[in-house]
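Dear colleague,

Please find the structure below, handed over for your study. My notes on what was found in it follow.

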Amino acid sequence: MDRFWTGDYYNEGVGGKDSIFDKLKEECGVFGVFGHPDAANLSYYGLHALQHRGEESCGICTSDDDSFHYHRGMGLVKEVFDRDRLEALTGSQAIGHVRYSTSGASRLANAQPLVFKYRGGDLAVATNGNLVNEPGIRKELEEAGSIFQTTSDTEVIAHLIARSPKDLVEAVKEAFARLIGGFAFLIQTKDRLIAACDVHGLRPLVMGRLGDAYIFASESCALETIGAIYERDVQPGELLVLDKDGLHEDRFAPMVRRAVCAMEYIYFARPDSDIYGVNLHSSRKRMGQQLAQEAFIDADIVTGVPDSSISAAIGYAEQTGIPYELGLIKNKYTGRTFIQPSQELREKGVKMKLSAVRKVVAGKRVVMIDDSIVRGTTSLRIVNMLREAGALEVHVRITSPPFMNPCYYGIDTPNPADLIASSKTVEEIRQAINADSLYFLSETGLKDSVGGHDDEFNRGLCLACFNNDYPTPVKFEDAKLTSCGCD
């Protein structure tokens with residue numbers, strides 16, 4: 001996440017076009033614990049491991065079989081929680097959330113987990129993703145008398161559950177069956193925890209074990225952080241219920257077509273995470289190797305744009321024999337260094353975040369590996385930065401196909417008109433970013449690099465942002481375009 005202290009708290013109201021960088025933004029992250037006496041502290045460390053998925057707000061809700069205890073706040077996990085607040089969150093089960101607001105609606109009211117009271121007692125909900133048909137469901141509920149307190153998709157789920165005459169599990173199954181979109185949900189009552197993924201598995205969710213406790217997380221790296229053992233991924237359309245009798249495996253709908261978001265593999269997830277058995281670092285290395293096979297260029301060094309492209313740059317270098325060098329260095333502390341930056345500093349934002357190593361790139365022909373080009377503005381700045389540092393040539397290689405279409409499943413994408421690949425050819429993009437050459441990884445190369453499910457359509461990936469083939473049937477003109485379910 002490339003954000004700043006722009007107000008009273010970190011990342012206040014900064015999103016979309018207002019961001020210095022035109023990188024795609026992570027969605028959100030969820031973390032859950034069932035059956036561990038130190039649930040709050042485990043959630044704290046788990047959310048810290050998922051911080052890259054959302055930096056605007058976070059929260060934890062615990063249950064001690066008698067009542068809920070929860071705290072939510074704006075900012076980073078380490079900012080929102082201290083020892084006293086964590087000690088107040090007693091109980092052996094918890095759900096937590098880190099949030100990124102894709103439309104800039106940074107409000108505490110939308111921070112998750114959202115906590116509700118209804119006839120069945122207390123209910124807490126946390127989600128990662130976006131419900132494409134949420135506007136229609138919200139309108140229906142409002143016309144039936146529901147009063148909403150937030151603009152979050154998550155609240156729609158709570159209303160659907162509360163209005164159902166069925167027991168909790170059946171009400172949840174009935175509610176999820178109505179949803180269209182990509183989501184990973186954690187739902188908590190005083191004595192139960194429910195986990196579920198959308199029918200396409202667009203948003204990842206894994207289950208692990210820590211002793212007798214069950215752990216859920218958006219990425220497996222969070223399991224490693226707390227010492228939990230990975231058990232398996234939650235399957236598309238699956239509903240897992242944990243109570244005093246243990247784990248109950250159920251479904252709210254059959255899986256029609258697995259379509260895991262390809263950008264999770266390309267960019268979003270941490271390189272030490274695994275999604276459906278595929279390690280992200282390894283798959284990104286293969287993307288770099290595949291790029292070298294598809295678009296070799298004679299050069300002196302290979303460098304990657306930190307951090308997500310480092311693995312691919314290593315793969316490209318290994319495949320070609322061209323030395324890998326740290327030609328670009330990321331300043332990880334930009335957010336704390338530049339408080340209330342002036343417009344002049346904002347315009348020089350890339351140099352706040354990235355620096356070219358002059359003695360590495362000067363006089364060299366450089367292959368620059370990056371994961372995507374959204375608007376093209378950041379690519380132009382980085383290419384020019386390398387040139388200013390003395391690079392003789394800058395050849396850009398991208399580990400994804402051209403990003404041409406908006407995402408409706410929880411990724412912050414700009415208006416389609418602002419996606420440079422939607423209106424320009426590769427050659428026109430090359431000219432726009434001032435590169436000597438430009439190549440995007442082919443769809444076939446991407447699918448081969450990820451591997452995954454050989455017998456499934458698109459190897460079980462969603463490639464809609466590249467090829468306009470959306471896995472869900474929906475009237476997108478009625479959908480929220482640049483929003484996630486946390487917004």
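Helices (H or I, at least four residues) and strands (E, at least two) are DSSP runs, numbered from the N terminus. This is a predicted model, in which local features need pLDDT of at least 70, side-chain atom pairs count only at pLDDT 80 or more, and totals for chains, interfaces and linings use all residues. Residues are numbered from 1 along each chain as its sequence is written, and side-chain values use heavy atoms, with hydrogens and water left out.

The protein chain contains 19 helices and 23 strands. Of its 487 residues, 61% are buried, where buried means under 20% relative accessible area, exposed over 50%, and partly exposed in between (1.4 Å probe, protein chains only). Counting contacts (heavy atoms within 4.5 Å) between residues at least 6 apart in sequence, 70% join residues at least 24 apart.

N41 sits in helix α1, which covers residues 39-49. Because its relative accessible area is 27%, N41 is partly exposed. Between the C-alpha atoms of N41 and R83 the distance is 9.1 Å, although 42 residues separate them in sequence.

The second example is D66, found in the loop that runs between β2 (57-63) and β3 (68-74). D66 counts as exposed because its relative accessibility is 54%.

A colleague
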